[in-house]
Amino acid sequence: MMWKKRPLAALALSLALLLPTPAQGAEAPVIHAEAAILMEAETGQILYEKNAHRQMQPASLTKIMTCLLAIEAGNPEQQVTVTPQALDLMEDAAAIGLQEGERLPLRELLYAAMLPSANDAANAVAIHIAGSEAAFARQMNRRAEALGLTDTRFVNASGLPVQGHSTTAYDLAEITREALRYPSFLDYAGRPSYFIRPGPENRGYSFSHLNRLLLPGSGYFDARAIAGKTGWTVPAGHCLMTVAEQDGVRLIAIILRAEGDGTMGGPYPDTKALLDYGFGSFRRVELPLPAEGFLGRIQESEYYLTPVGTTVGLMVPAELPREGLTVQLVGTAEGEEGRFWGEAALRNAAGEVLWQGGRIPLTGELLLGDLLGPSAVAYLPQVAKEVPRLPLMEFGAAAVVAALVGLWRLLARRGGKEPAGGRPPEESPNAPAQ
């Protein structure tokens with residue numbers, strides 16, 4: 001009998017991250033903003049979300065992506081010439097007052113774009129990097145697509161209101177998480193104030209951060225905050241991004257369309273409530289990962305997946321026991337740039353599932369099936385050239401044998417049926433526009 005090789009059947013998976021169950025004994029915060037998310041920065045584990053995938057205008061939180069692309073573009077000391085197009089702003093748009101023909105280092109303009117949310121500075125950066133605002137917006141969208149963010153479409157580098165410019169709280173958190181890979185981002189987004197010294201080709205400029213969580217004496221100062229970005233337009237409302245750190249744990253809080261004057265609702269009380277919840281209701285644990293891999297379906301293919309590394313750090317409800325916990329992989333998803341993730345479940349010594357929801361980085365091999373007889377299928381890795389965009393796992397001989405033996409036993413238990421694969425569990429209205 002001739003054996004026939006064919007791809008496995010497909011199962012489409014949502015790109016949305018798997019959410020944790022509420023922390024035991026802890027009430028989730030009451031958030032007044034229309035959308036919000038609290039994300040652990042290292043793995044992207046979500047601790048809280050409200051309408052996190054609703055497409056909305058982000059105002060100047062757009063500039064997080066602008067800053068990311070500028071950092072990735074290269075030399076921060078490169079001189080940028082301010083063009084007339086960079087100064088073409090709507091009335092009452094936030095700006096530091098750049099003048100046509102001025103030349104400043106790229107890094108100086110990034111401080112201006114991130115701290116006082118200067119739209120003239122953001123435009124100058126975009127035109128310098130891409131030649132025009134439209135071309136830069138295309139770069140922004142390609143970068144979002146590379147991160148696997150399907151609900152984002154940027155039209156400009158500043159976030160000033162324009163039709164079709166939208167993203168989500170989740171996407172903004174992921175963009176921030178990517179930007180945090182670069183230490184310079186914390187400097188551009190975290191300094192309380194900055195002074196651009198006058199030079200032969202530029203005036204001097206002095207400004208402070210607009211995110212009050214970073215300003216001592218502001219009334220909203222929070223010592224945990226290490227970076228942030230503000231935003232406000234009429235259609236977007238108050239928007240706020242804050243990165244905070246405590247005891248080695250770094251959290252990202254995104255608030256979209258918050259209303260109020262800061263006493264009832266508003267971006268600052270909402271953000272403080274999120275940070276108090278994240279740092280107070282969860283603790284970080286480091287646990288050994290299971291040595292064996294498992295079968296998981298991702299989009300149109302099936303993969304043999306194994307954890308990256310031997311341990312994993314997870315944010316778990318503070319009330320869980322500190323001893324006797326083990327990690328089990330119970331679901332899969334594909335994240336940005338072809339990276340794989342597994343959903344973690346924690347079990348106690350008796351095998352009971354206590355909590356489910358953390359993310360574990362995985363690596364995987366795309367598998368194909370070979371018919372060995374009338375009812376049995378063996379799975380083998382597909383050659384690398386057929387999956388150029390995915391990271392391939394380096395299998396040792398013993399690992400391959402162990403994987404195939406496990407799969408063969410699984411098929412035998414299913415009585416010769418075609419295997420279905422593993423499935424996952426189902427600022428004021430009068431403020432300048434930023």
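1. Let's start with helix H1 (residues 63-73) and helix H6 (residues 183-190), whose axes come within 11 Å and cross at roughly 135 degrees. Axes here are lines fitted to C-alpha atoms, for helices over the stretch in contact, and angles run from 0 to 180 degrees between N-to-C directions. H1 is therefore oblique to H6, a word for angles left over once those under 35 degrees (roughly parallel), over 145 (roughly antiparallel) and 65 to 115 (roughly perpendicular) are set aside. Ile64, Cys67 and Ile71 of H1 meet Ser184, Phe185 and Tyr188 of H6, where contact means heavy atoms within 4.5 Å.

2. A word on the model: it is predicted, so local features need pLDDT of at least 70 and side-chain atom pairs count only at pLDDT 80 or more, while totals for chains, interfaces and linings use all residues. Residues are numbered from 1 along each chain as its sequence is written, and side-chain values use heavy atoms, with hydrogens and water left out.

3. H1 also packs against helix H2 (residues 106-114), at an angle of about 165 degrees and with the axes 10 Å apart. That makes H1 and H2 roughly antiparallel to each other. On the H1 side the contact involves Lys63, Ile64, Cys67 and Ala70, and on the H2 side Leu106, Leu110, Ala113 and Met114.

4. For the overall picture, the protein has 8 helices and 18 strands; these are DSSP runs numbered from the N terminus (helices H or I, at least four residues; strands E, at least two). Of its 434 residues, 54% count as buried, that is, under 20% relative accessible area with a 1.4 Å probe, protein chains only (exposed is over 50%, partly exposed in between).

5. His209 deserves a look, in the loop between strand E7 (205-208) and strand E8 (225-233). This residue counts as buried because its relative accessibility is 2%. The His209 side chain reaches the backbone nitrogen of Asn211 at 3.0 Å and the backbone oxygen of Gly228 at 3.3 Å.

6. Leu320 is another loop residue, between strand E14 (311-317) and strand E15 (326-334). With 4% relative accessibility, Leu320 counts as buried. Its C-alpha atom is separated by 8.5 Å from that of Trp355, 35 residues apart along the chain.

Technical notes: Polar contact = N/O pair within 3.5 Å; in protein donor to acceptor, adjacent residues only side chain to side chain.
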